[in-house]
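Here are some notes for a colleague opening this entry for the first time. They are meant to be read beside the model.

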Amino acid sequence: MAVSGSSSKSKSKKLFSEKKGQSIGIVRSMNYKIPGTFSLESGKTLSGVRIEYEMYGKPNADKSNVILICHALTGDAHAAGFHTGDRKPGWWDIVIGPNKAFDTEKYCIICSNILGGCKGSTGPSSIDPETGKNYGISFPVITIKDMVNAQKRLVEHLGVKQLFAVAGGSMGGMQVLQWTVSYPDMIKKAIAIATTASTTPQQIAFGAIGRKAVTDDPKWNGGNYYGKEIPAQGLALARMIGHITYLSDASMQKKFGRLQQDADAAGITGKNFSELSLDVSPNASPDLAPNFQVESYLNYQGDNFTKRFDANSYLYITKAVDYFDLSRNGSLIEGFSGVTAKYLVISISSDWLYPPYQSQEIVSALTANGVDARYEEIRSQYGHDAFLLEEGQLNYMIRSFLSQILVSDVMNRNFYSVSRDETIEHASRLMVKERVSHLPVISEDGKLEGIVTSWDITKAVACKINELDEIITRDVRYVYEDERIEKASSIMEDYSISALPVIDSEHRVIGLVTSESISALISK
């Protein structure tokens with residue numbers, strides 16, 4: 001387990017010697033409708049599930065440069081860039097875009113709104129196709145695993161067989177962990193930030209209070225408030241409670257101290273205290289009004305939240321977080337036993353919602369399973385929200401992790417091969433059927449004996465050669481999986497070839513790496 005704190009200034013300066021990161025500009029949302037029925041972990045099903053998503057950058061030829069971004073509790077698919085008319089960019093614009101950590105000139109970035117959300121994906125506020133009415137609380141219980149399964153359907157729809165990386169913070173980090181457990185062969189690299197592998201009683205307690213605030217609001221009406229007044233007071237209170245956990249004592253002291261101010265000074269221009277969604281009773285003493293700066297701030301945050309988020313979605317999503325537990329038989333080591341992805345786990349020094357020890361437990365369990373897991377800690381006073389704010393540290397940590405690419409990170413392990421005693425016709429048909437241009441020739445024990453290309457097949461047909469053994473190239477260049485991709489790229493360039501077999505220490509072929517799979521990932 002590699003453990004380090006914030007990176008040195010000299011390294012950071014070297015890493016960011018390129019031009020400054022840029023915005024990706026105007027973006028648009030898209031949606032995908034999952035065909036048929038979608039099965040949930042509870043055993044129930046949903047029909048007509050829609051997933052809202054955005055895509056930044058372009059996939060390379062074999063779509064091996066695709067990175068999935070997973071959002072946090074109240075996030076959405078709009079992770080970067082601007083929608084037409086927006087004043088603010090997407091929620092993780094600080095790390096997504098040209099020359100940023102998730103460089104859209106190298107990678108294709110996908111972010112989707114989770115199942116159960118209210119920003120385009122199917123959730124409690126969606127119309128139930130069976131009744132023609134909003135689901136409300138008839139929507140089935142969902143889990144983090146259900147969210148990941150829906151993302152997998154989207155990824156497959158987009159033609160991506162394996163993700164170069166999956167990344168996210170907070171509840172997004174939970175999805176990252178779940179991806180590597182549920183679909184280990186589909187993930188090469190994983191970045192989990194400010195998260196946990198098993199929700200603690202304290203974290204569940206905060207979720208429970210937030211949900212009670214919503215359900216105790218008379219306007220919640222058993223979840224049947226669509227087309228009526230929404231339970232704004234309860235939802236705003238839930239947001240206020242949650243927002244406190246995203247900050248730290250130091251950040252609140254620095255931002256607010258014990259200063260008192262009126263609503264205008266708090267940035268709530270045009271409102272008086274009686275208009276705030278969480279005001280005291282009009283009959284109460286003026287001394288009880290929210291005159292502290294921090295009170296006005298929380299009122300403002302709660303009020304704004306009710307304008308963009310659905311109360312029922314809040315109930316379902318927070319419950320999914322509470323259910324999250326990747327341990328098996330009480331053991332996190334056992335829970336991570338099938339993970340193969342390389343990991344970067346990042347904690348935040350002042351995070352008391354998901355404190356550093358929980359990230360360290362993740363790394364310890366991964367390391368116990370032989371997983372290449374690296375631990376970093378962001379030094380920040382911002383608390384849990386630092387994963388949305390600490391631009392410099394995040395860009396350095398993520399970029400350095402993604403840029404350390406080995407052949408094993410990009411090679412295709414599901415390759416096709418032939419033996420030397422097979423016919424040219426068989427090799428030709430295999431190439432056409434599987435749409436490949438290179439076939440390693442291997443012995444019965446899997447060792448590399450040569451390679452056949454589509455050019456060799458064309459030459460054999462022109463020269464009326466029938467035996468595959470006559471056209472095999474035996475002086476084959478190859479690489480090992482633990483070598484850097486720059487070496488593979490250099491060999492391809494020096495010898496004007498577009499694919500290399502990847503072999504192990506016993507000369508057995510274990511994969512194939514192509515120029516298409518590495519071209520976009522080589523630093524420019």
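1. Contact, as used in these notes, means heavy atoms within 4.5 Å. The model is a predicted one.

2. On the position of S112: this residue belongs to strand 7, which covers residues 108-112. Is S112 buried or exposed? S112 counts as buried because its relative accessibility is 1%, and the cut-off for buried is under 20%.

3. On the whole protein: there are 16 helices and 16 strands. Of the 524 residues, 53% are buried. Among contacts between residues at least 6 apart in sequence, 69% join residues at least 24 apart.

4. On helix 2 and helix 3: helix 2 spans residues 144-157 and helix 3 spans residues 171-182. Their axes are 9 Å apart, and the two helices pack at an angle of about 70°. Helix 2 is therefore roughly perpendicular to helix 3, as angles of 65 to 115 degrees are classed that way.

5. On the residues of that contact: helix 2 contributes I144, K145, M147, V148, Q151, K152 and V155, which meet M171, M174, Q175, Q178, W179 and S182 of helix 3. By class, seven residues of this contact are nonpolar, four are polar and two are charged.

6. On helix 13 and helix 14: the axes of helix 13 (residues 424-434) and helix 14 (residues 454-462) come within 10 Å and cross at roughly 135°. At what kind of angle does helix 13 lie to helix 14? That angle makes helix 13 oblique to helix 14, since only angles over 145 degrees count as roughly antiparallel. The crossing of these two helices is left-handed.

7. On the residues of this second contact: from helix 13, I424, A427, S428 and M431 meet S454, I457 and A460 from helix 14. Five of the residues in the contact are nonpolar, two are polar and none is charged.

8. On the cysteines: how many disulfides does a search of the whole structure find? The search finds zero. For C111, the closest cysteine sulfur is that of C70, at 7.5 Å, so the two are too far apart for a bond; a disulfide needs sulfur atoms within 2.5 Å. C111 is itself buried, with a relative accessible area of 0%.

How values were computed. Residues are numbered from 1 along each chain as its sequence is written. This is a predicted model: local features need pLDDT of at least 70, side-chain atom pairs count only at pLDDT 80 or more; totals for chains, interfaces and linings use all residues. Side-chain values use heavy atoms; hydrogens and water are left out. Axes are lines fitted to C-alpha atoms, for helices over the stretch in contact, and angles run from 0 to 180 degrees between N-to-C directions. Helices (H or I, at least four residues) and strands (E, at least two) are DSSP runs, numbered from the N terminus. Angles under 35 degrees count as roughly parallel, over 145 as roughly antiparallel, 65 to 115 as roughly perpendicular and the rest as oblique. A crossing is left-handed if the near helix is turned anticlockwise from the far one by less than a right angle, and right-handed if clockwise. Ala, Val, Leu, Ile, Met, Phe, Trp, Tyr, Cys and Pro count as nonpolar, Asp, Glu, Lys and Arg as charged, and the others, Gly among them, as polar. Buried means under 20% relative accessible area, exposed over 50%, partly exposed in between (1.4 Å probe, protein chains only).
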